[in-house]
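User: I've got a model open and I'd like to learn how to read it. Could you walk me through a few features?

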Amino acid sequence: MENKMVATENQYVLFKLDNEFYGIDILQVETIERVMDITRVPHALHYVQGVINLRGEVVPVVNLRKRFSLPEMPFDDESRIIIVSVEEIVVGIIVDSSSEVLQLNSDEIEDAANITNNTGNEFIKGIGKHEDRIIILLDLKKVLDIKDANDDVE
Amino acid sequence: MDMSQYLEIFIEESKEHLQNMNQSLLELENDNNELGLLNDIFRVAHTLKGMSGTMGYSRLASLTHEMENVLQSLRSNELKINGGIIDILFECLDTLEGYISEIEKTGDEGSNDSQGLIVKLNGIMASDVDLKDQVILSNEVLPSLHEEAINIEIEDFSKNAIEKASLEGHNCFKLKIVLSPNCMLKSARAFIIFNTLERDCEIIKSNPSVEDIEDENFDLSFDLILISKLSLEDIKKEIDSISEIDEVHIQPVTINGPAFRMESVQQEESTGNQEEQERPGDEKRSSKSKKPTVGKTVRVDIDRLDNLMNLVSELIIIKTRLEDIDDSGKKNNMNEAIEYLERITTSLHDAVMKVRMVPIERVFNRFPRMVRDLSKELGKDIELFMSGEETEVDRTVIDEIGDPLIHCIRNSIDHGIEDPETRRTLGKREFGTVKLVAYPDGNSVVIEVEDDGQGINIEKVKSKAVQNGLLKKEEAEILDDKEAVNLLFHPGFSTADKISDISGRGVGLDVVKTKIESLGGVVEVQTAKSKGSKFVIRLPLTLAIIQALLVNVGSEKYAIPLSSIKEIVTIKASTIRKVQNQEVVLYRNTTLPILRMNQILQVVDSNQGKEDLTVVVVRKGEKTAGFIVDNLIGQQEIVIKSLGKFLSGIKVIAGATILGNGQVALIVDTNSLL
């Protein structure tokens with residue numbers, strides 16, 4: 001899925017986190033929900049906010065601010081939970097706001113290799129430039145620390 | 001044509017058929033003359049042959065075909081049933097089961113070879129010869145050919161010739177040629193046939209002999225073995241071109257020796273290949289191991305489905321009724337509707353649960369055979385009594401309960417029941433009995449495995465435990481019987497002096513315990529010296545929906561499975577004592593370890609500093625512990641939801657459930673905390 005970048009254009013769901021724009025491949029996004037009641041899960045990783053009831057399914061939710069070591073902010077009306085599906089694992093990620101879908105041509109995407117920023121670039125798959133905005137494209141598998149499904153087989 | 005969509009059905013049905021065959025065989029063993037049973041077995045073999053043929057499983061098909069041959073002769077009284085034949089049929093059954101389970105795992109029947117068995121089956125057919133001295137000749141009959149056996153013996157020298165020929169890439173065939181009845185000059189006709197064949201083939205044997213044929217000393221048919229470069233079809237064509245021949249049967253012949261050899265060579269080659277391309281192979285292997293495409297299926301009585309359908313339609317009715325209640329509607333209507341809805345959901349729940357229920361018979365069925373084999377092997381006479389086979393259990397439980405039960409039964413037979421002489425001297429019946437009983441008990445199912453053997457030698461258990469360093473000598477002395485018996489469930493514990501094939505390695509009972517507990521059940525042992533012992537397994541009816549106690553810890557809600565709760569008590573904070581960093585309280589003259597839920601669950605805003613503490617006493621087997629909670633909410637039926645892979649590995653949480661208000665509450669895994 002991450003190799004989709006070679007295609008001429010790709011759609012990304014944009015979201016905002018601490019004044020920066022991030023993008024996730026739209027194919028990984030299932031739905032976008034308002035923040036709802038989140039049940040804390042003891043002994044989970046520090047960035048796991050808890051679990052939510054998504055229409056009868058229990059879905060874990062990750063607080064992206066905690067994941068990226070950004071200052072924590074209370075959730076507000078703009079806060080959203082983006083439900084993503086990576087390697088068949090469904091996870092919600094809490095972001096400050098999310099409202100648009102953007103098409104990026106491959107020539108608008110730059111390799112992340114030579115860029116460093118405060119999130120630590122191991123999560124970054126590339127940098128998108130659109131008009132005068134800079135969009136950080138995330139590698140969700142790394143963000144959520146999801147291992148390849150094949151790893152579990154052996 | 002893609003058969004994969006039928007694979008599930010195939011596996012399910014084959015298993016069912018094999019189960020039937022197993023049962024019929026067992027009955028047949030006791031009652032040799034029951035033709036009906038033979039017919040049953042024959043039908044099963046025949047169906048299996050057809051099914052596996054359609055699915056393209058040739059090994060299965062050829063084995064069942066050979067079984068069919070033997071069964072046919074048994075049916076027509078050409079052969080007499082004896083213990084040997086039944087043993088071989090059982091062996092066939094095992095092999096078939098092996099194939100099916102291989103298919104279930106990989107989608108392929110595997111490379112397990114049944115040649116040996118086919119030879120044995122053929123051996124029965126030529127049963128005047130003793131089984132063991134039977135020539136190791138086998139004929140793989142092509143399904144398209146007649147089943148009529150071609151009776152021709154292959155001696156050693158011709159066997160060598162065949163072996164050599166097949167190594168050189170020649171084919172070997174058995175022919176049966178039947179001349180037409182109005183053939184005038186039989187020997188001349190035969191001569192022509194010989195001549196024709198000898199152009200391209202080498203005839204290595206004929207029956208009757210060539211001399212006899214020349215002297216017209218034969219009936220209408222004769223048998224030949226020949227080696228040729230030609231294929232079966234070509235030979236058939238050759239012969240067909242000769243007139244006055246009524247029938248020709250051709251079968252390819254393989255001699256076991258080289259066939260095996262070639263196979264092993266092939267295997268070596270393939271493993272060699274694997275090693276060569278290990279890197280790319282890695283990926284392949286993992287994709288292969290992912291292959292098990294076969295899902296779990298349940299056969300459901302159509303009545304149950306109808307019932308389900310009815311309930312769903314009622315649900316739709318109540319939905320429209322609720323929609324119709326507008327603001328002007330009286331509250332009464334609403335309440336009525338909700339009551340109705342409640343009733344439907346409860347019945348719906350029951351109905352769905354019933355759909356998942358399978359009679360425990362499916363597990364029990366395999367035990368008569370196992371007991372039979374074990375009693376033969378150990379030289380003990382054992383009768384197995386089963387009852388309550390119709391008790392229904394959740395499908396997931398059925399799949400898991402088999403192994404633990406096998407362990408228990410093996411244990412009873414191997415350790416429990418004495419050999420016949422000992423029994424006689426003890427004044428017991430020579431026949432040992434093992435009772436397998438299942439019955440529903442409230443919200444759980446109880447399965448008992450009882451034997452009338454020697455019982456568990458508690459002194460021996462104790463001394464063994466001391467020997468293994470599980471206990472100190474002083475500890476062992478004060479241990480009561482019940483506690484001592486529980487030592488049996490310790491990993492690696494065994495009282496058997498000798499390790500036998502059946503049990504005694506000490507891996508048995510702890511596996512049983514872990515398995516049962518993972519299913520949310522409990523195991524108990526009751527024993528009486530020289531009278532026998534009894535394993536009592538108690539399992540929840542279903543795994544998906546449980547009764548739970550909801551509690552508050554701080555502002556959070558948690559569910560504790562009711563099945564593990566012993567009682568709820570209030571204690572005074574001042575009575576808690578600390579022993580070696582573990583809080584305990586003296587309760588009913590025993591020390592009860594106290595665990596604070598707020599610490600375990602990392603809850604911050606809990607006020608467990610108050611004087612009156614609510615303690616939920618939880619048990620796991622013989623162990624108990626008290627959990628301090630903030631508040632009790634009440635008992636509720638909850639649906640267990642998994643937390644999913646992303647949150648796997650959190651020990652204290654067994655899962656989650658969704659409460660009436662849509663909130664998620666976590667289920668505390670008390671078992672892991674004890």
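Predicted model: local features only at pLDDT ≥ 70, side-chain atom pairs only at ≥ 80, totals over all residues.

User: How do I read two packed helices?

Analyst: Two packed helices are described by the angle between their axes and the distance between the axes. Here, helix H3 (residues 58-75) and helix H4 (residues 83-106) of chain B have axes that come within 11 Å and cross at roughly 165°. Helices (H or I, at least four residues) and strands (E, at least two) are DSSP runs, numbered from the N terminus. Axes are lines fitted to C-alpha atoms, for helices over the stretch in contact, and angles run from 0 to 180 degrees between N-to-C directions.

User: What does that angle make H3(B) and H4(B) to each other?

Analyst: H3(B) and H4(B) are therefore roughly antiparallel (angles over 145 degrees; under 35 is roughly parallel, 65 to 115 roughly perpendicular and the rest oblique).

User: Which residues make the contact?

Analyst: H3(B) brings Arg59(B), Leu60(B), Leu63(B) and Met67(B), and H4(B) brings Leu89(B), Cys92(B), Thr95(B), Leu96(B) and Tyr99(B). In contact means that the C-beta atoms, placed from the backbone, lie within 7 Å.

User: And how do I read a sheet?

Analyst: Look at the strand order and the pairing. Chain B has an open sheet of five strands, in the order E22-E14-E15-E24-E23, with mixed pairing. Two strands pair if DSSP finds at least two bridges between them. The edge strands are E22 (631-639) and E23 of chain B, each pairing on one side only. Further in, E15 (residues 556-561) and E24(B) run parallel, joined by two bridges. Tyr558(B) has Leu666(B) in E24(B) as its bridge partner.

User: How many residues does each chain give to the contact between chains?

Analyst: Chain B gives 22 residues and chain A gives 19. On chain B's side, helix H11 (278-289), strand E23 (653-658) and strand E24 (664-668) each give two or more.

User: Is Leu140(A) buried or exposed?

Analyst: Leu140(A) is buried, because 25 other C-beta atoms lie within 10 Å (20 or more means buried, 12 or fewer exposed, and in between partly exposed, with C-beta atoms placed from the backbone). Leu140(A) sits in helix H2 (residues 140-143) of chain A. Leu140(A) and Val84(A) are 56 residues apart in sequence, yet 8.7 Å apart in space, C-alpha to C-alpha.

Key. Residues numbered from 1 in each chain as written. Chains lettered and ligands numbered in written order. Contact = placed C-beta atoms within 7 Å.
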